[in-house]
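This report describes how the secondary structure elements of one protein chain are arranged and packed. The model is a predicted one.

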Amino acid sequence: MLQGTLDLLILQTLALGPARGHTIAHVIEHRSEDVLQVEHGSLYPALHRLEDRGWIASFWGTSENNRKARYYRLSAAGRKQLAEQTGRWDRLVHAVNRVLRPVEE
C-alpha cells in the first residue's frame with residue numbers, strides 16, 4: 001500500500017462505527033474484494049499512531065464471545081482528517097490517471 005493509505009482506510013472504516021482491530025482489517029479486506037491485505041504488524045502501529053494524533057480513540061468493551069476487547073472509534077478530529085485525506089486521495093488518483101491515460105489532443 002502507498003504510505004498513508006492504511007490510515008485513510010482505517011479512518012473510513014471507523015466512520016461506519018466503532019470496531020475492534022480484527023474487524024477493521026476484515027472490513028478493509030472484504031470491501032477491497034481481498035485485494036488489500038492488512039497485516040497485524042502494520043495495523044496496530046497505525047491504530048496507535050492515529051490514536052496519538054487524536055484522530056481515533058480506544059475503549060474497552062465486550063466482544064461477541066464475551067471477552068474483554070479493545071474497540072476504536074473515530075473522533076471529531078478524525079472525521080475532519082478523513083475529509084481532508086479523501087480529497088487529497090481523489091486529487092492524487094486523478095493526477096496519476098492523467099499520466100497513465102493521457103487524452104489525445
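## Helix packing

Helix 1 and helix 2 cross at roughly 100°, and their axes come within 10 Å. An angle from 65 to 115 degrees counts as roughly perpendicular, so helix 1 is roughly perpendicular to helix 2. On the helix 1 side the contact is formed by Leu6, Leu9, Ile10, Thr13 and Leu14, and on the helix 2 side by Ile24, Val27 and Ile28.

Helix 1 also packs against helix 4, which spans residues 76–100, at an angle of about 125° and with the axes 10 Å apart. That angle makes helix 1 oblique to helix 4. The crossing of these two helices is left-handed. Helix 1 contributes Thr5, Asp7, Leu8, Leu11, Gln12 and Ala15 to the contact, while helix 4 contributes Gly78, Arg79, Gln81, Leu82, Gln85, Thr86 and Trp89.

The table lists the two pairs.

| Helix pair | Angle between axes | Axis separation |
|---|---|---|
| Helix 1 and helix 2 | roughly 100° | within 10 Å |
| Helix 1 and helix 4 | about 125° | 10 Å |

Leaving aside neighbours within four places in sequence, Gln81 is in contact with Leu11 and Trp55.

Helix 2 covers residues 21–31, and its buried residues are Gly21, Ile24, Ala25, Val27, Ile28 and Glu29. An α-helix has 3.6 residues a turn, so residues three or four places apart point the same way. The buried residues of helix 2 pack against helix 1 (5–15), strand 1 (19–20), helix 3 (40–52) and strand 3 (68–74). Following helix 2 is Glu33, which has a positive phi near 55°.

In soluble globular proteins, nonpolar side chains tend to be buried together. The largest nonpolar core here has 19 residues, of which Ile10, Leu11, Leu14, Ile24, Leu43, Leu47 and Ile56 touch the most other members. Two or more residues of this core come from each of helix 1, helix 2, helix 3 and strand 3. Helix 1 supplies the largest share, five residues. Not counting residues up to four places away in sequence, Ile10 touches Ile24, Ile28, Leu43, Ala46, Leu47 and Leu50.

## The sheet

Strands of a sheet pair through backbone hydrogen bonds, either parallel or antiparallel. In this model three strands form an open sheet with the order 1-3-2 and antiparallel pairing. Strand 1 and strand 2 stand at the edges, each with a single partner strand, so one side of each has no neighbour in the sheet.

Strand 2, residues 56–62, is joined to strand 3 by seven bridges in the antiparallel sense. Within this pairing, Ile56 is opposite Leu74 of strand 3, and Phe59 has Tyr71 of strand 3 as its bridge partner. Five residues lie between the strands of this hairpin, where Asn66 takes a positive phi near 65°.

Helix 3 lies across strand 2 and strand 3 and runs at about 115° to strand 2. Ile56, which is opposite Leu74 in the strand pairing, is also among the core residues that touch the most other members.

How values were computed:
Residues are numbered from 1 along each chain as its sequence is written. This is a predicted model: local features need pLDDT of at least 70, side-chain atom pairs count only at pLDDT 80 or more; totals for chains, interfaces and linings use all residues. Side-chain values use heavy atoms; hydrogens and water are left out. Buried means under 20% relative accessible area, exposed over 50%, partly exposed in between (1.4 Å probe, protein chains only). Helices (H or I, at least four residues) and strands (E, at least two) are DSSP runs, numbered from the N terminus. Contact means heavy atoms within 4.5 Å. A nonpolar core is a set of buried Ala, Val, Leu, Ile, Met, Phe, Trp, Tyr and Cys residues joined through side-chain atoms within 4.5 Å. Two strands pair if DSSP finds at least two bridges between them. Axes are lines fitted to C-alpha atoms, for helices over the stretch in contact, and angles run from 0 to 180 degrees between N-to-C directions. Angles under 35 degrees count as roughly parallel, over 145 as roughly antiparallel, 65 to 115 as roughly perpendicular and the rest as oblique. A crossing is left-handed if the near helix is turned anticlockwise from the far one by less than a right angle, and right-handed if clockwise.
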